[in-house]
Amino acid sequence: MSNFFSKAEVTSSGRPVFLRNEVECHLLSGVDLESEDHHSFSPLKSGILILTTHRLLWLPSSSAITPTSASAIPLAAISHIFSSKKSLKSVFHSPRIRFQVLVSPDGRVFDPGSGSGSSSGSGSRSVVVTAVVRGKGDCDGFLVKFWDSWRARAWESNETSGSGSGSGLASGTGAGTGTSGGLYSTDGSVRMVGVAGILRKEQEMWESTDKSLQDAFQDLNALMSKAKEMVMLAEKMRQKLLSGTSSQTSGTNDEDMGSKEEIQDWLLSVGIISPVTKESAGALYHQQLSRQLADFVRTPLERAGGMINLIDAYCLFNRARGTELISPDDMLQACSLWEKFDVPVMLRKFDSGVMVIQNKSHSDEEVFARIRSLVTKPEALRNGISPTDAAMTLGIAPAMAKEHLLTAESKGLLCRDISPDGFRFYINLFPEIDQCNIYFVKDYGICSTWIKAVSTSGKNAFLNELILTFIA
Amino acid sequence: MQKLGDFKLPHFFNYPPYFTLQPVRETREKQVQLWKELILDYCRTQKIFVIKLEEEFPLFSNSVIERTLSHEAREAFLSALVAEGRAEWLDKGHRSCLILWHRIQDWADIIVNFVKDNGFEDSVMTVEEIRSGIESRGTELHGIDRTILMRALKQLEQKGKLAIFKGTSTDDEGIKFSV
């Protein structure tokens with residue numbers, strides 16, 4: 001008998017009419033409502049159970065909805081909600097939600113809205129109602145929300161502070177704030193008023209950010225699981241390739257080799273190192289790269305005077321390539337392969353650790369000759385040369401020039417001079433100086449040239465006389 | 001300056017690399033050699049017996065070319081002298097170096113000659129008198145470093161050429177020659 005339950009108003013399209021501030025929380029379909037003692041009310045079969053912040057509504061399944069057939073149980077009338085018992089029986093049965101409802105003396109569900117007595121204790125009787133969920137809904141979730149809503153006691157305050165996302169599916173938790181007039185304006189949307197309004201806004205923003213973050217991470221998780229698959233696939237292919245190559249004899253037909261190399265290329269382009277690098281003369285990729293590099297590097301070499309820093313070459317090469325950039329490792333491999341081919345360039349490592357690419361035709365001796373002629377000019381005799389000076393004269397980069405100067409020094413051609421002015425090089429006079437007679441200077445040779453150069457500088461004019469007196 | 005005081009400087013004193021410790025082995029050896037000679041010469045003519053590394057030493061700087069020997073360089077050259085036996089470190093920290101532009105043996109010989117030249121064979125003198133007495137003026141002994149003098153005297157004492165004893169005044173020792 002529908003007398004037991006309170007009346008629930010329904011719209012013309014069969015949706016319940018919500019009370020002021022009432023927000024829908026959850027919905028289950030295919031629900032029967034039964035009373036445990038079997039005579040408080042006749043069971044309601046196969047309806048839709050809707051949980052709101054204020055009430056529990058039961059609507060008959062759509063075909064049977066009439067304005068009078070929807071029932072409601074105010075949450076205020078519920079005295080207890082049972083936790084779900086998991087027993088052997090429950091495995092086979094449909095899930096059940098059981099709760100205890102206060103009953104007023106006239107056999108109806110206690111309605112706090114009506115004037116019948118105070119909210120506690122006037123319903124001396126209580127009836128246990130069971131909702132049998134035969135449909136496919138999330139029963140446990142419903143139960144959780146049921147608890148939350150019931151505990152929230154939204155009907156007690158004039159205003160509720162459920163989260164106002166407006167779509168009606170938000171969970172209605174939280175205690176009420178104390179603004180009079182309500183946070184919900186008459187049309188049901190949330191009013192942003194005062195401090196509560198600001199807090200509300202903050203909350204909403206936070207919740208929406210949270211949600212979108214969660215969504216994003218879902219995508220990321222999906223991506224990562226896919227990536228894992230991809231890597232596994234690539235590994236499998238690599239293994240196959242590896243086992244394939246080792247088992248092949250030299251009498252493989254060309255087609256097989258071709259496709260194998262294709263696969264290798266493909267793997268490399270994805271970023272996986274070819275497994276046959278060390279065994280053969282290097283993967284075809286590196287060989288091609290090596291030749292390409294040798295061709296490319298010829299122009300910069302000329303511009304740079306025959307020697308170019310490996311790092312500079314790397315930058316230029318990658319810039320020229322544009323998109324398929326190579327790693328420093330690839331570069332190094334490519335350069336080391338030059339030894340095996342007949343290319344006019346070579347990789348060279350200086351004592352200081354600096355690596356350069358230079359023409360095979362480059363000769364150190366020739367450079368030394370040029371340095372020598374540079375450093376015996378009068379100006380250089382007086383003040384020495386800096387790597388920059390050498391760079392300008394030799395037409396190479398300063399870093400390269402410095403390497404050359406250092407090499408010349410180690411060969412005994414130059415001497416270094418370190419001072420606050422910087423790092424400079426002079427022609428090496430030491431071999432010319434006679435230990436036994438340090439005041440003696442041959443009138444030919446570099447020493448006398450040096451002295452003459454030094455003495456003709458304006459700064460050393462005073463010195464001029466002194467020097468001349470004791471050379472003579 | 002091509003002269004430091006009245007000391008004539010060699011031409012390579014104005015060669016800037018001379019003041020930078022050279023890394024290349026051959027060049028370095030030559031450089032060290034030249035510096036050793038220069039230091040000894042300078043100390044001999046200027047009668048300098050001790051070089052303190054942290055103090056300014058005229059020979060170690062050239063204001064014309066604006067170069068100065070670094071501490072590392074100074075230590076390197078002086079250590080080379082020590083290795084050759086022409087100098088000694090006076091302290092463990094290598095801050096002070098005694099320059100033996102005459103070896104101790106040479107000094108001993110000089111003393112013996114001095115004694116003979118002046119007829120002091122059997123007489124007695126104080127150490128101070130040897131260093132700064134009238135007789136020593138004009139000789140190399142004049143102004144000799146006390147440490148070096150004592151070492152030379154002790155060497156001679158061991159050879160039996162003299163005897164060192166505490167004099168009547170408490171602050172100086174006396175030498176009795178028996179050359």
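Me: Which residue in S5(A) does Leu57(A) stand opposite?
Reply: This is a predicted model, where local features need pLDDT of at least 70, side-chain atom pairs count only at pLDDT 80 or more, and totals for chains, interfaces and linings use all residues. Residues are numbered from 1 along each chain as its sequence is written, chains are lettered from A and ligands numbered from 1 in the order written, and side-chain values use heavy atoms, without hydrogens and water. Strands here are DSSP runs (E, at least two residues), numbered from the N terminus. Leu57(A) stands opposite Ala72(A).

Me: Over how many bridges do S3(A) and S4(A) pair?
Reply: Strands pair if DSSP finds at least two bridges between them. S3 (residues 44-52) and S4(A) form a hairpin with 2 residues between them, and Gly47(A) has Pro60(A) as its bridge partner. The two strands pair in the antiparallel sense, over 5 bridges.

Me: How many residues of strand S4 of chain A are buried?
Reply: Buried means under 20% relative accessible area, with a 1.4 Å probe and protein chains only. In a regular strand the side chains alternate between the two faces of the sheet. One side of S4(A) has Arg55(A), Leu57(A) and Leu59(A), the other Leu56(A), Trp58(A) and Pro60(A), and all are buried. The count for S4 (residues 55-60) is 6 of 6.

Me: Is Leu223(A) buried or exposed?
Reply: Leu223(A) is found in helix H3 (residues 194-247) of chain A, helices being DSSP runs of H or I with at least four residues. Exposed means over 50% relative accessible area. At 54%, Leu223(A) is therefore exposed.
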